[in-house]
Amino acid sequence: MNQPIKRRLLFGERMLLGDGSEPFNAVIPFRLRGTFTLKDIQQALARIQNKHPWLRALISHDEKNIPWFNVPEKPVSIPVRIVTRKSEDQWQEESRKEWNTTFNYEKFPLIRFIWIKGEDVSDMLFAFHHCLCDGGSAMAFLKEFLIVLDNPSADIGIENPIMGIQDVVPSPILNSRRQKLKARFIGRLAATAIKWLPVNKKPVERQNDYLIHGKLDEETSQQVIAYCKSQEVTVNTFLSVALLHSFKKVRGKKSFNKVSCPVDIRRFAKQIKADHIFAFGLMIVISLDEKLSFTENLRAMQKSVEQKASKLDPYITMMVMESGHDALKSFTRLLKNGKSSNDCMFSNLGPLQIPHEYKEFTVETIFSPSVIGPLGNTTTLVVSTYRGRMDFSIMGSEGYIPHTEVVAIRDEVIRTIQSQIKQTAVS
């Protein structure tokens with residue numbers, strides 16, 4: 001029997017949760033070659049739930065209507081939905097279905113499992129509410145799931161969960177009078193500004209959501225890495241420049257020349273371990289200098305990204321947000337109803353450190369995760385690399401950017417990547 005555990009949701013988690021009526025779901029699809037029984041899968045899911053308390057958590061509200069993660073003594077199993085595998089792309093259709101299916105979080109955990117069952121090949125999906133965790137955490141529990149699916153008695157340890165801001169922000173900072181005053185001052189300032197910002201009366205009609213997928217072959221993926229090394233820039237910077245360039249080319253005056261990039265908080269806050277179930281992210285916004293060439297922009301953006309990242313302070317950011325719970329409604333309204341001011345969100349998970357050969361099965365591929373929610377422009381590009389191949393998932397909604405334009409943007413990104421690599425090979 002597990003100990004009951006509970007904690008209040010942090011500001012960012014509450015914002016992602018909303019009132020629970022609109023899904024904000026992420027999906028990780030992966031393809032396995034091998035044969036499985038439902039019992040094998042349920043056993044592996046129970047093992048990861050046993051390691052991570054928040055994978056067992058339900059959500060309840062207190063008398064002030066504040067949501068809490070609540071881990072019951074008797075855990076509720078992760079629900080499994082089974083469909084028969086009929087096509088290679090069925091995982092995309094099931095991903096879209098999962099985006100739009102709310103979690104009944106008072107009765108069930110904030111995570112589900114979908115088994116697209118084939119004879120020798122199965123596609124599997126983890127779908128979870130974004131308030132539960134980010135892509136980094138999800139990759140950690142995917143890795144553990146594969147370990148215990150292969151070997152039910154493997155030791156994956158037990159997570160010591162984050163119980164609140166005090167487990168992330170070092171106590172000398174958290175308890176410093178100066179830092180507390182600074183956080184409260186910034187929080188109040190932001191809350192007041194947000195209250196007075198003009199927003200539309202109602203949110204943009206999202207209309208149909210879509211998922212566009214793309215994969216580079218191994219050779220091109222390796223050439224991208226070699227190209228970035230030769231230019232002394234990260235793959236992230238290269239893809240950001242290609243993305244902004246493509247938005248400009250396809251959308252012209254309708255493009256904003258702005259991409260938001262989440263930055264993994266674990267880089268700065270070492271208290272958050274790789275396998276912690278945690279959803280808090282930091283963000284930077286990047287733009288091109290239209291007077292510069294592609295390669296000049298690479299260098300300029302690399303510099304700008306490093307400067308912006310060096311100024312990120314996860315501790316003060318969290319303290320500011322935690323001081324602003326009473327401004328949550330205004331902040332959410334701004335995100336939902338404010339005018340779109342960026343082209344898209346771009347997240348690169350980098351090379352996934354997950355083995356592909358196991359005793360009982362092989363992992364053919366892991367598709368880049370997808371995520372979609374009700375807080376503003378839904379256009380998002382997620383990139384990851386597995387077994388040497390770069391994989392793209394682009395999500396969006398017709399109400400923000402038409403499907404045809406995003407297909408054109410994807411094709412332009414790939415064309416840009418190829419032409420830049422070719423130029424280097426020639427020169």
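In this predicted model, α8 (235-251), β14 (380-386) and α12 (403-426) each supply at least two residues to the lining of the largest cavity. The cavities of 30 Å³ or more number 2.

**Largest cavity**

- The space in the largest cavity comes to about 50 Å³.
- Its lining consists of L243, F247, C344, T379, T380, L381, I394, V406 and I409.
- By class, the lining of the largest cavity has 7 nonpolar residues, 2 polar ones and no charged ones.

**Second largest cavity**

- The volume of the second largest cavity is about 30 Å³.
- The residues around the second largest cavity are L243, L381, F392, I394, I409, R410 and V413.
- Two or more of these lining residues come from each of β15 (389-397) and α12.
- With 3 residues, α12 has the largest share of the lining of the second largest cavity.
- The lining of the second largest cavity divides into 6 nonpolar residues, no polar residues and 1 charged residue.
- L243, L381, I394 and I409 occur in the lining of the largest cavity and also in that of the second largest cavity.

**Second largest pocket**

- The second largest pocket holds about 550 Å³ of space.
- Two or more lining residues of this pocket are given by each of α1 (11-17) and α11 (328-337).
- The pocket has 22 lining residues, and R14, G18, D19, L328 and K329 lie nearest its centre.
- The element that gives the most to the pocket lining is α11, with 5 residues.
- The pocket lining contains 8 nonpolar, 7 polar and 7 charged residues.

**Aromatic pairs**

- The count of aromatic pairs in the model is 16.
- One of them joins F113 and F126, with ring centres 5.1 Å apart and planes at 75 degrees, so this pair is edge-to-face.
- F113 belongs to strand β6 (residues 111-117) and F126 to strand β7 (residues 121-129), so their pair ties together parts that are 13 residues apart in sequence.
- F113 counts as buried because its relative accessibility is 1%.
- F126 also counts as buried, at 0% relative accessibility.
- F126 forms another edge-to-face pair with F145, at 5.2 Å from centre to centre and 85 degrees between the planes.
- Because F126 lies in strand β7 and F145 in helix α4, this second pair ties together parts that are 19 residues apart in sequence.
- Both F126 and F145 are buried.
- Ring pairs link F113, F126 and F145 with F30, F128 and F141 into a cluster.

**Charged groups over rings**

- The charged end of K6 is placed over the ring of W68, at 4.9 Å from the ring centre.
- The charged end of R112 is placed over the ring of F103, at 3.8 Å from the ring centre.

**Loop residue Q166**

- Q166 is in the loop that runs between α4 (135-150) and α5 (171-174).
- The relative accessibility of Q166 is 46%, so this residue counts as partly exposed.
- A polar atom of the Q166 side chain lies 3.5 Å from the backbone oxygen of M163.
- From Q166 to G399 the C-alpha separation is 41 Å, and the two residues are 233 residues apart in sequence.

**Loop residue E232**

- E232 is in the loop between α7 (218-231) and α8.
- E232 has a relative accessible area of 70% and is therefore exposed, the cut-off for exposed being over 50%.
- The C-alpha atoms of E232 and N104 are separated by 48 Å, and these residues are 128 residues apart along the chain.

Terms used: Residues are numbered from 1 along each chain as its sequence is written. This is a predicted model: local features need pLDDT of at least 70, side-chain atom pairs count only at pLDDT 80 or more; totals for chains, interfaces and linings use all residues. Side-chain values use heavy atoms; hydrogens and water are left out. On a 1 Å grid over the protein atoms alone, a cavity is a set of points where a 1.4 Å probe fits but cannot get out, and a pocket is an open set with protein on both sides within 12 Å along at least five of seven lines; lining residues have an atom within 4 Å of a point. Grid points are joined across faces, edges and corners, and a volume is the space filled by probe spheres set on the points. Helices (H or I, at least four residues) and strands (E, at least two) are DSSP runs, numbered from the N terminus. Ala, Val, Leu, Ile, Met, Phe, Trp, Tyr, Cys and Pro count as nonpolar, Asp, Glu, Lys and Arg as charged, and the others, Gly among them, as polar. Buried means under 20% relative accessible area, exposed over 50%, partly exposed in between (1.4 Å probe, protein chains only). A polar contact is a pair of N or O atoms within 3.5 Å; within protein, one must be able to donate a hydrogen and the other to accept it, and residues adjacent in sequence count only if both atoms are side-chain atoms. Rings of Phe, Tyr and Trp (its six-membered ring) pair if their centres lie within 6.5 Å; planes under 30 degrees apart count as stacked, over 60 as edge-to-face and the rest as tilted. A charge sits over a ring if NZ of Lys or CZ of Arg is within 6 Å of the ring centre and within 35 degrees of the ring normal.
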